[in-house]
Amino acid sequence: MCSKLVVLSSIGLSERMLADWFSAVPQTSRKCGRKIASLKMTLSGSCLCGGIQYEITGPLTDVYHCHCSMCRKLHAAAFRTCAKVQASDWRTIKGEELLKTYESSPGEFKVFCSTCGSSIHTRFTEKPEVYALPLGTLDTDPGVRPGRHVFVGNKAPWYEIADDLLQFTENG
Ligand SMILES: [Zn+2]
Ligand SMILES: [Zn+2]
């Protein structure tokens, strides 16, 4: 496997997915004959109550399952599936006023819906240009898939990992 493919597969992307992402061009629908003017793939998501809606106009990268105790508590789940997104690709379409933050670690802010509690994303003082996005609130298929499990050393004892993805005891 060439080094490019290793890098792509490690972040859950295939060459085909990247090609689709960057080569999206306006297409003509045969049914109605109108032009679909979508130059970029746009992902959309929303919180449980629907008060917050967002769009992402760029690629998601570095997709992984995190089993650390903080992610488990934040999501009240066995693990959190997370990706990186450029802050400049993020648009809060609706409900900006509902966004609340919790500083879970110094400089790390969990952003959530103050009405329903849905986890929206994480912002970092040290790296404001990147958000960590939990995939659970997406309403569209992002195309990318998780590439590894991290912090497996903190895994919930009642959950067994049943896939063949790489596992890291801590961060990986
Ligand atoms: Zn909500
Ligand atoms: Zn975690």
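This is a predicted model: local features need pLDDT of at least 70, side-chain atom pairs count only at pLDDT 80 or more; totals for chains, interfaces and linings use all residues.
Trainee: OK. Which residues coordinate the zinc ion (ligand 2)?

Mentor: Cys66, Cys68 and Cys71. Each uses its SG atom, at 2.1 to 2.3 Å.

Trainee: How are those donor residues spaced in sequence?

Mentor: The pattern is C-x1-C-x2-C.

Trainee: Is cysteine 66 buried or exposed?

Mentor: Buried. Its relative accessibility is 5%, and buried means under 20%.

Trainee: And cysteine 71, buried or exposed?

Mentor: Cysteine 71 is buried, because its relative accessible area is 5%.

Trainee: Back to cysteine 66. What is its bridge partner in β12?

Mentor: Valine 150. Strand β5 covers residues 61-66. It pairs with β12 in the parallel sense, over two bridges.

Trainee: What sheet are β5 and β12 in?

Mentor: An open sheet of eight strands, with mixed pairing. The order runs β8-β9-β10-β11-β6-β5-β12-β13.

Trainee: Which strands are at the edges?

Mentor: β8 (99-105) and β13. Each pairs on one side only.

Trainee: New topic. Where is alanine 156?

Mentor: In the loop between β12 (148-150) and β13 (166-167).

Trainee: Is alanine 156 buried or exposed?

Mentor: Alanine 156 counts as buried, because its relative accessibility is 0%.

Trainee: How far is alanine 156 from alanine 77?

Mentor: In sequence, 79 residues. In space, their C-alpha atoms are 8.9 Å apart.

Note on methods: Residues are numbered from 1 along each chain as its sequence is written. Chains are lettered from A and ligands numbered from 1 in the order in which they are written. Side-chain values use heavy atoms; hydrogens and water are left out. Helices (H or I, at least four residues) and strands (E, at least two) are DSSP runs, numbered from the N terminus. Buried means under 20% relative accessible area, exposed over 50%, partly exposed in between (1.4 Å probe, protein chains only). Donors are N, O and S atoms within 2.8 Å of the metal (3.2 Å for Na, K and Ca); water is not among the atoms, so sites may look incomplete. Two strands pair if DSSP finds at least two bridges between them.
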